[in-house]
Amino acid sequence: MEIQADLHHLTTAAIDQTAVFSGIAEDLSTKGFSIQHGVLSPALLDALVAQAQQLHHYDPAGIGREQQFQQNQFVRTDEISWIDGKLPATAEWLAWSNSLKTYLNRRLFLGLFSFESHFAHYPPGSFYKKHYDAFRGEANRVLSVVLYLNSQWGPDDGGELVIYPEEHADDTVVVTPLMGTIAIFLSEEFPHEVLPATRDRFSIAGWFRVNNSTAQRVDPPK
Ligand SMILES: O=C(O)CCC(=O)C(=O)O
Ligand SMILES: [Fe+2]
């Protein structure tokens with residue numbers, strides 16, 4: 001199936017996003033997760049890193065909207081700042097995410113409706129213990145996306161994302177949070193954790209959601 005991604009407005013235009021999106025769709029339908037490298041342009045990554053490092057209003061994680069359900073059960077010590085697309089480069093990040101959403105909906109009929117994301121800062125020693133981003137049948141987060149914003153991350157720096165494929169518990173996927181790497185996985189299927197890092201660790205975490213609105217309740221609100 002040929003579906004063209006509409007990304008003319010992005011600095012990622014030099015990279016064939018249609019091929020990238022096709023690879024992601026293929027991975028999601030066969031494995032339920034996809035790890036990508038070199039998908040976003042260095043210019044966009046640089047701008048996002050600058051943004052992440054300059055932010056002065058990170059909030060402790062776990063108190064924001066949509067996170068109440070995991071607040072008491074799981075421990076996380078990162079701090080976050082929600083993205084609204086007004087800061088430099090974040091509009092392009094949202095545009096890329098939106099193009100991915102459109103592509104995956106056409107190709108895999110996922111019915112993704114909205115996207116929310118935040119910068120995350122894990123100071124040295126911080127972690128996010130094993131958790132799900134959504135619970136089957138309850139939450140409406142369908143697909144999790146994490147973009148890493150750390151240059152020259154080595155094996156001694158820690159901070160890996162560990163994904164546990166449910167049915168093959170030994171078969172873990174370890175992702176180094178290196179600049180430009182993107183991890184995408186089905187939110188209800190994969191428990192995962194962030195190991196403690198020895199350095200400041202920056203990322204963007206995002207979630208595609210389906211529309212669970214009823215006449216009584218608008219969910220998600222946008
Ligand atoms: O930063 C990561 O590698 C994953 C973060 C995460 O699991 C989350 O924010 O829910
Ligand atoms: Fe998570």
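This is a predicted model: local features need pLDDT of at least 70, side-chain atom pairs count only at pLDDT 80 or more; totals for chains, interfaces and linings use all residues.
The chain contains four helices and eleven strands. Of its 222 residues, 36% count as buried. Among contacts in the chain with a separation of 6 or more, 77% are accounted for by residues 24 or more positions apart.

Two packed helices are described by the angle between their axes and the distance between the axes. Helix α1, spanning residues 17-30, packs with helix α4, spanning residues 90-108, at an angle of about 55 degrees, and the two axes are 10 Å apart. Angles from 65 to 115 degrees count as roughly perpendicular and those under 35 degrees as roughly parallel; α1 and α4 are therefore oblique to each other. The crossing in which α1 passes α4 is right-handed. On the α1 side the contact is made by Q17, F21, A25, L28 and S29, and on the α4 side by S99, L100, Y103, L104, R107 and L108. By class, this contact between α1 and α4 comprises seven nonpolar, three polar and one charged residues.

S144 is located in strand β6, which covers residues 141-148. A residue with 20 or more other C-beta atoms within 10 Å is buried; S144 has 23 such neighbours inside 10 Å and so counts as buried. Leaving aside residues up to four places away in sequence, S144 touches D133, F185, S187 and W207.

G85 is placed in the loop between β3 (79-82) and α4. With 12 other C-beta atoms within 10 Å, G85 is exposed, because a residue counts as exposed at 12 or fewer. Residues touched by G85, when those up to four places away in sequence are not counted, are T90, A91 and L94. Helix α4 covers residues 90-108, and these contacts of G85 at T90, A91 and L94 fall in that range. The C-alpha atoms of G85 and L178 are separated by 23 Å, the two residues being 93 residues apart along the chain.

Definitions and conventions:
Residues are numbered from 1 along each chain as its sequence is written. Chains are lettered from A and ligands numbered from 1 in the order in which they are written. Axes are lines fitted to C-alpha atoms, for helices over the stretch in contact, and angles run from 0 to 180 degrees between N-to-C directions. Helices (H or I, at least four residues) and strands (E, at least two) are DSSP runs, numbered from the N terminus. Angles under 35 degrees count as roughly parallel, over 145 as roughly antiparallel, 65 to 115 as roughly perpendicular and the rest as oblique. A crossing is left-handed if the near helix is turned anticlockwise from the far one by less than a right angle, and right-handed if clockwise. Two residues are in contact if their C-beta atoms, placed from the backbone, lie within 7 Å. Ala, Val, Leu, Ile, Met, Phe, Trp, Tyr, Cys and Pro count as nonpolar, Asp, Glu, Lys and Arg as charged, and the others, Gly among them, as polar.
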